Amino acid sequence: MFILRLACFCYVAMAAMLAAVAKPVVLNWNITYSTAQPDGKNSRRVIGVNGHWPPPPVYVDVGDTLTINAHNQLDEPTSLHTHGFFQNGTNHYDGAVGATECGIPPGGSYSYKMNVTQSGTYWIHSHYMAQYVDGLRTPLISRPSGGEHYKYDEEIVLMLEAWYNRESADIHDQLLSTSEATRVKPFLPVMLVNSRGGSNLNATKIKFTPGKKYRLRLLNVSGTGMIRFGIENHTLDVIELDGVDSEIKTVPSIQLSAGQRASVL
């Protein structure tokens, strides 16, 4: 009986603490076309937010409520999927077109509302056709209410992507072609780090201070490409995989498939 009462007391105390720090996070996103040259050479149409590309990263804390008021200014449907969130009880906000919603039609609006119950590294992206390949994707970082389990001095988010100088509809049609010769034609992507690559990669140079410990949040937001990440003459301590804290595993490099995330020290 004593243990049961203690557990109940701790649960009530924890709920009260979360309620005290919880806050509403409200984002107003006009989903729009823009033009970008992420590789420093080729310009093409991309999909951004409020007339800007790339879309802004999103930061929340466990206990928050996240609302994204999305207005579709594209000439086709769109949606927003919070990749990795379980959406328990809110599956109608999962954004999977054809499964949990019909998609936001051109000129239409929809509000996604969800309780933040998971900490870790996630991302938000379109779930209509292959649309996120056109740039409608951004990191979502959720911080635990009681502080991070592992100690470090700074954190850096690194969004990794195999980028195509062709729009997603063109690649989609190629992959579904009845011609084998067309289907197997190389895609020839370039590598982006935080939406910069090629001759434009210098924009993502990061300065590290000796003696400091850094948490690197790695996200593979590619449509197809598998990515291996490493730093010359350094090992990486893996501490999180797909939003779940893990026992430390020291590796020379780490491989991420499309959609996967990891944190390393």
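Here is a short tour of the model, from the whole chain down to single residues.

This is a predicted model, in which local features need pLDDT of at least 70, side-chain atom pairs count only at pLDDT 80 or more, and totals for chains, interfaces and linings use all residues. Residue numbers start from 1 along each chain as its sequence is written, and side-chain values use heavy atoms, with hydrogens and water left out.

**Whole chain**

Start with everything selected and a cartoon on. Along the principal axes, the C-alpha atoms fill a box of roughly 70 × 50 × 35 Å.

Switch to a surface. The chain exposes about 14,000 Å², and carbon and sulfur atoms supply 57% of that (Shrake-Rupley method, 1.4 Å probe; for residues, only the protein chains shown count as cover). Of the 265 residues, 43% are buried, where buried means under 20% relative accessible area, exposed over 50%, and partly exposed in between (1.4 Å probe, protein chains only). Take contacts between residues at least 6 apart in sequence, and 69% of them join residues at least 24 apart; contact means heavy atoms within 4.5 Å.

**The cavity**

Next, select S119, G120, S142, P144, E148, R215 and D245, which line the largest cavity. Its volume is about 30 Å³, and the structure holds one cavity of 30 Å³ or more. On a 1 Å grid over the protein atoms alone, a cavity is a set of points where a 1.4 Å probe fits but cannot get out, while a pocket is an open set with protein on both sides within 12 Å along at least five of seven lines; lining residues have an atom within 4 Å of a point. Points are joined across faces, edges and corners, and a volume is the space filled by probe spheres set on them. Colour the cavity lining by type and you get one nonpolar, three polar and three charged residues (nonpolar: Ala, Val, Leu, Ile, Met, Phe, Trp, Tyr, Cys and Pro; charged: Asp, Glu, Lys and Arg; polar: the others, Gly among them).

**The second largest pocket**

Now for an open site: the second largest pocket has about 300 Å³ of space. Select F208, Y214, I231, H234 and L265, the closest to its centre of the 13 lining residues. Strands β12 (214-220) and β14 (236-241) are the elements that give two or more residues to this lining. By type, the pocket lining splits into seven nonpolar, three polar and three charged.

- H149: look in the loop between β8 (137-143) and β9 (154-163). H149 is exposed, at 58% relative accessible area. Its C-alpha atom is 9.3 Å from that of I239, 90 residues away along the chain.
- E155: go to strand β9. E155 is partly exposed, at 29%. Leaving out residues up to four places away in sequence, E155 touches Y59, I141, R215 and R217.
- S168: find helix α2 (residues 168-175). Is S168 buried or exposed? S168 is buried, with a relative accessible area of 9%. Beyond its neighbours within four places in sequence, S168 contacts A130, Q131, V133 and D134.

Definitions and conventions
Helices (H or I, at least four residues) and strands (E, at least two) are DSSP runs, numbered from the N terminus.
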